[in-house]
Amino acid sequence: MTRYLGAAGGAVALMLAAAAMIFFFAPTDALQGPVQKIFYVHVAAAIAAFASFATVLVGSVLYLWRGSLRADRLARAGALVGLVFTTVTLVMGMLWARPIWGTYWTWDARLTSTLVLWIIYAGYLLVRRLAAPGRQAARFAAVVGIFGFIDVPIVYFSVDWWRTQHPGPVIATDALPPEMLSTFLFTMACTLVLAGVLIAIRYRIETVMDQQPVGSVVASPAPPTRTRFASPTSPQSGEVN
Amino acid sequence: MGYLVVAYAFAVVALGGYLAWSLMQLRDLTRKKS
């Protein structure tokens with residue numbers, strides 16, 4: 001537990017350093033004013049969400065290929081963290097759009113595909129929550145995790161493939177002045193560290209939960225002995241990989 | 001300026017809240033396990 005607290009403290013310190021850069025180092029945009037500073041965390045959160053969903057993809061492929069419960073836990077951890085970062089991306093984007101576009105939301109290709117991404121992984125987590133725990137649910141979720149990732153490149157390239165109101169890439173096109181670029185790159189690195197720490201903590205939670213008997217999270221008068229991944233033929237298979 | 005403050009307040013609440021909730025959940029599970 002101590003090392004997770006230490007990692008979390010480190011990630012928070014990095015995010016505070018990024019905030020200091022955003023508010024005290026990066027210049028204010030001449031056209032949009034201070035509201036443009038939403039850009040730094042909005043884009044960094046989107047990249048952290050993509051990285052988290054890539055973790056779901058890797059975990060899902062490994063689970064279907066090797067049947068590893070560790071891979072399934074990694075996928076579960078990545079999905080929840082990715083959903084949190086996608087929520088931050090969407091809400092910050094809406095709050096940026098209101099003063100610039102005059103509306104919180106428009107059914108633009110980038111916004112719509114990002115909303116679809118949020119729905120896909122919310123569905124993934126819903127499947128995991130509602131389905132009876134076990135290999136069947138894990139296999140089904142892995143398939144959703146693999147096909148769901150198809151939307152990630154669609155979100156990324158949507159500004160190139162369709163006419164959109166959302167601005168195109170600014171990093172690859174050298175559109176940012178050096179102070180803004182260095183602030184963005186630092187914020188992105190800090191956000192990726194935070195995402196890694198959140199996935200590691202969630203992975204640990206999933207590991208401990210897998211080792212607990214089914215129903216023990218909710219108080220039960222007669223705790224059953226099966227674990228979340230136990231099968232009738234292997235009653236204690238929760239840690240078998 | 002108001003939108004900037006609300007946007008960053010939301011990011012802090014969402015990411016910080018999720019981090020705190022995860023740590024508390026891990027602490028409770030670890031206690032229950034031991």
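**Helix packing and the A/B interface**

Trainee: H3(A) and H7(A): is the crossing left-handed or right-handed?

Mentor: H3(A) passes H7(A) in a right-handed crossing. Bear in mind that this is a predicted model.

Trainee: What angle do the axes of H3(A) and H7(A) cross at?

Mentor: Roughly 130°, and the axes come within 8 Å. H3 covers residues 69–101 of chain A, and H7 covers residues 178–211 of chain A. The two helices are therefore oblique to each other.

Trainee: Which residues of H3(A) and H7(A) meet?

Mentor: From H3(A), the list includes A:Arg70, A:Arg73, A:Leu74, A:Leu80, A:Val81 and A:Phe85. From H7(A), it includes A:Leu194, A:Leu198, A:Ile199, A:Arg202, A:Glu206 and A:Asp210. By class, that contact of H3(A) with H7(A) has 10 nonpolar, 3 polar and 6 charged residues.

Trainee: What area do chain A and chain B bury between them, then?

Mentor: About 2,700 Å², with 81% of it on carbon and sulfur atoms. A:Met1, A:Leu95 and A:Leu198 supply 18% of the area that chain A buries against chain B, more than any other three residues.

Trainee: How many residues are in contact on each side, chain A and chain B?

Mentor: 37 residues of chain A are in contact with 21 residues of chain B.

Trainee: Back to H7(A). How does H1(A) pack on it?

Mentor: H1, residues 2–24 of chain A, packs with H7(A) at an angle of about 160°, their axes 9 Å apart. That makes H1(A) roughly antiparallel to H7(A). The crossing of H1(A) past H7(A) is left-handed.

Trainee: What makes the contact between H1(A) and H7(A)?

Mentor: On H1(A), residues including A:Tyr4, A:Ala11, A:Leu14, A:Met15 and A:Ile22; on H7(A), residues including A:Phe186, A:Cys190, A:Val193, A:Leu194 and A:Arg204. By class, this contact of H1(A) with H7(A) has 17 nonpolar, 4 polar and 1 charged residues.

Trainee: Last pair: how are H4(A) and H5(A) arranged?

Mentor: Their axes come within 9 Å and cross at roughly 175°. That makes H4(A) roughly antiparallel to H5(A). H4 is residues 109–130 and H5 is residues 135–148, both of chain A.

Trainee: Which residues of H4(A) and H5(A) meet?

Mentor: Among them are A:Leu117, A:Ile120, A:Tyr124 and A:Arg128 in H4(A), with A:Phe140, A:Val144, A:Gly145 and A:Gly148 in H5(A). By class, the contact of H4(A) with H5(A) has 10 nonpolar, 2 polar and 1 charged residues.

Methods
Residues numbered from 1 in each chain as written. Chains lettered and ligands numbered in written order. Predicted model: local features only at pLDDT ≥ 70, side-chain atom pairs only at ≥ 80, totals over all residues. Heavy atoms only, no water. Axes fitted to C-alpha atoms, helices over the stretch in contact; angles between N-to-C directions. Helix = DSSP H or I, 4+ residues; strand = E, 2+ residues; numbered from the N terminus. Parallel < 35°, antiparallel > 145°, perpendicular 65-115°, else oblique. Left-handed = near helix turned anticlockwise from the far one by under 90°. Contact = heavy atoms within 4.5 Å. Nonpolar A, V, L, I, M, F, W, Y, C, P; charged D, E, K, R; others polar. Buried area = accessible area lost by both parts, 1.4 Å probe.
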